[in-house]
Amino acid sequence: MAASDLRVSAARVEPGQRVTISATVANLSDREGTFEVPLWLNSRLEAAQSVTLGAGARETVSFTVTKPAAGEYQVRIDRLLGRFEVAAPPTPTPTPTPTPT
């Protein structure tokens, strides 16, 4: 199996927004095979999908993740690397309260 064409749908999102991560997986052998495709975020296994491919076949595998906290996330599928950032929403500027005269 070999993976190519890693895509991360957004480089920056707010907490709770979805990020779709996809890659093309190819069966390099001359026989049908079933492959486990893991998605790693920050060196931790986030999810995995099992895909069965005929000899020489290719298929796009997609994962959708949502992270509730701000931070930077390193993405890995097979040897492919990417990243996205969950940025805290901007703090609203307080409206000044008028002082009575």
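Read from the N terminus, the elements of the protein run β-β-β-β-β-β-β-β. That is 8 strands and 0 helices. The model is a predicted one.

Consider the overall outline next. The C-alpha atoms of the protein fill a box of roughly 85 × 20 × 15 Å along the principal axes. The radius of gyration of the protein is 20 Å, whereas a compact globule of 101 residues would have one near 13 Å. The accessible surface of the protein is about 6,800 Å², and carbon and sulfur atoms account for 49% of this surface. Of the 101 residues, 28% count as buried. Among contacts between residues at least 6 apart in sequence, 55% join residues at least 24 apart.

Now for single residues. How many aromatic pairs does a search of the whole structure find? The search finds 1. The ring centres of Tyr73 and Phe84 are 5.2 Å apart and the ring planes meet at 20°, so the pair counts as stacked, the cut-off for stacking being under 30 degrees.

Thr24 is found in strand 3 (residues 18-26). Is Thr24 buried or exposed? Its relative accessibility is 14%, so Thr24 counts as buried, because buried means under 20%. Leaving aside neighbours within four places in sequence, Thr24 is in contact with Ala2, Ala3, Ser4, Asp5, Arg58, Glu59 and Thr60.

The protein has 10 positive and 10 negative charges, and their mean positions are 4 Å apart.

Methods
Residues are numbered from 1 along each chain as its sequence is written. This is a predicted model: local features need pLDDT of at least 70, side-chain atom pairs count only at pLDDT 80 or more; totals for chains, interfaces and linings use all residues. Side-chain values use heavy atoms; hydrogens and water are left out. Rings of Phe, Tyr and Trp (its six-membered ring) pair if their centres lie within 6.5 Å; planes under 30 degrees apart count as stacked, over 60 as edge-to-face and the rest as tilted. Helices (H or I, at least four residues) and strands (E, at least two) are DSSP runs, numbered from the N terminus. Buried means under 20% relative accessible area, exposed over 50%, partly exposed in between (1.4 Å probe, protein chains only). Contact means heavy atoms within 4.5 Å. The radius of gyration is taken over C-alpha atoms; the globule rule is 2.2 Å times the number of residues to the power 0.38. Accessible areas come from the Shrake-Rupley method with a 1.4 Å probe; for residues, only the protein chains shown count as cover. Lys and Arg count as positive and Asp and Glu as negative; His and the chain ends are not counted. The place of a charge is taken as NZ of Lys, CZ of Arg, CG of Asp or CD of Glu.
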